[in-house]
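The exercises below are meant to be worked with the sequence and the coordinates open side by side. Each one sets a task and then goes through a solution step by step.

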Amino acid sequence: NKLKPRRDSPMSDDLTSGENLQGNAAYGALLMEIREGRLSPGDRLRETDLAARFGVSRTPVREAIRQLEADGLVTHLPRVGATVRKLDYSEVMELYEMRSVLECTAARMAARVASDVEITELAAICEEIAKSGKGTEASRLNRQFHRALLEAAKNRFL
């Protein structure tokens, strides 16, 4: 599944549909950069810099930042502005606990219903991960493996 900009971003009624599309694209681009680690926890989100980088005005970037704040991925710090949110230790522990439960469930379901092609794909990704060592490529392959595992589970709620 490729990351797609959100269609339900709360854009102002007075924005044109072009700005709305730009806002969705800005949201999707920022979300992808956070997910892929190009924007790290604590990084400042400067509207002017992001607008220039994405080739849009500041308005769609501002709306995207607001949506990411509503999603819990961005926070506003006094005298700093918008930053990618840092999770505290207890949040990280809770997150990994839930991820463990969900991924075990996905693996169990995939073991029951995955096709031979899906199992072969998962095994191939595991081999690539083993060869890649550590770093960006291993992280990308890890995400790819977990996406493939969720797809193989054939459960739309996972």
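**Exercise 1. Confidence**

Solution: Where pLDDT is low, the predicted coordinates should not be read in detail. For the protein taken as a whole, the mean pLDDT is 85, and 85% of the residues reach 70 or more.

**Exercise 2. Overall layout**

Task: Describe the order of the secondary structure elements from the N terminus on, and state what share of the residues is buried.

Solution: Begin with the inventory, which comes to 6 helices and 2 strands. Read from the N terminus on, these elements follow the order α-α-α-β-β-α-α-α. Of the 158 residues in the protein, 27% are buried. Finally, among the contacts with a separation of 6 or more, 59% are between residues 24 or more positions apart.

**Exercise 3. Helix 2 against helix 3**

Task: Classify the arrangement of helix 2 and helix 3 from their axes, and list the residues that make the contact.

Solution: Two packed helices are described by the angle between their axes and the distance between the axes. For helix 2 (residues 47–54) and helix 3 (residues 58–70), the axes come within 9 Å and cross at roughly 115°. Angles of 65 to 115 degrees count as roughly perpendicular, and helix 2 is therefore roughly perpendicular to helix 3. The crossing of these two helices is right-handed. On the side of helix 2 the contact is made by E47, T48, L50 and A51, and on the side of helix 3 by R58, V61, R62 and I65. Sorted by class, the residues of this contact are 4 nonpolar, 1 polar and 3 charged.

As a further step in helix 3, take A64, which is found in that helix. A64 has a relative accessible area of 1%, so it counts as buried. A64 and Y27 are 37 residues apart in sequence, yet their C-alpha atoms are 4.5 Å apart in space.

**Exercise 4. Helix 6 and its two partners**

Task: Determine how helix 4 and helix 5 are each oriented towards helix 6, and examine the setting of H146.

Solution: Start with helix 4, whose axis comes within 7 Å of the axis of helix 6 and crosses it at roughly 55°. That angle makes helix 4 oblique to helix 6, and the crossing is left-handed. The contact joins R99, E103, A106, A107, M109, A110 and V113 of helix 4 to N142, H146, L149, L150, A152 and A153 of helix 6. By class, this contact holds 9 nonpolar, 2 polar and 2 charged residues.

Leaving aside residues up to four places away in sequence, H146 touches R99 and E103.

Turn now to helix 5 (residues 116–132), whose axis comes within 9 Å of that of helix 6, with a crossing at roughly 165°. Helix 5 and helix 6 are therefore roughly antiparallel to each other, and their crossing is left-handed. Residues of helix 5 including L122, I125 and I129 meet residues of helix 6, among them L141, F145 and A148. The contact of helix 5 with helix 6 divides into 10 nonpolar, 3 polar and 5 charged residues.

**Exercise 5. Positive phi values**

Task: Locate R79 and K154, each with a positive phi although neither is a glycine, and decide how accessible each residue is.

Solution: Most residues other than glycine have a negative phi. R79 has a phi near 60° and sits in the loop between strand 1 (74–77) and strand 2 (81–84). R79 has a relative accessibility of 84% and so counts as exposed. K154, with a phi of about 55°, lies in the segment after helix 6 (136–153). The relative accessible area of K154 is 48%, which places this residue in the partly exposed class.

Conventions. Residues are numbered from 1 along each chain as its sequence is written. This is a predicted model: local features need pLDDT of at least 70, side-chain atom pairs count only at pLDDT 80 or more; totals for chains, interfaces and linings use all residues. Side-chain values use heavy atoms; hydrogens and water are left out. Axes are lines fitted to C-alpha atoms, for helices over the stretch in contact, and angles run from 0 to 180 degrees between N-to-C directions. Helices (H or I, at least four residues) and strands (E, at least two) are DSSP runs, numbered from the N terminus. Angles under 35 degrees count as roughly parallel, over 145 as roughly antiparallel, 65 to 115 as roughly perpendicular and the rest as oblique. A crossing is left-handed if the near helix is turned anticlockwise from the far one by less than a right angle, and right-handed if clockwise. Contact means heavy atoms within 4.5 Å. Ala, Val, Leu, Ile, Met, Phe, Trp, Tyr, Cys and Pro count as nonpolar, Asp, Glu, Lys and Arg as charged, and the others, Gly among them, as polar. pLDDT is the predictor's confidence in each residue, from 0 to 100. Buried means under 20% relative accessible area, exposed over 50%, partly exposed in between (1.4 Å probe, protein chains only).
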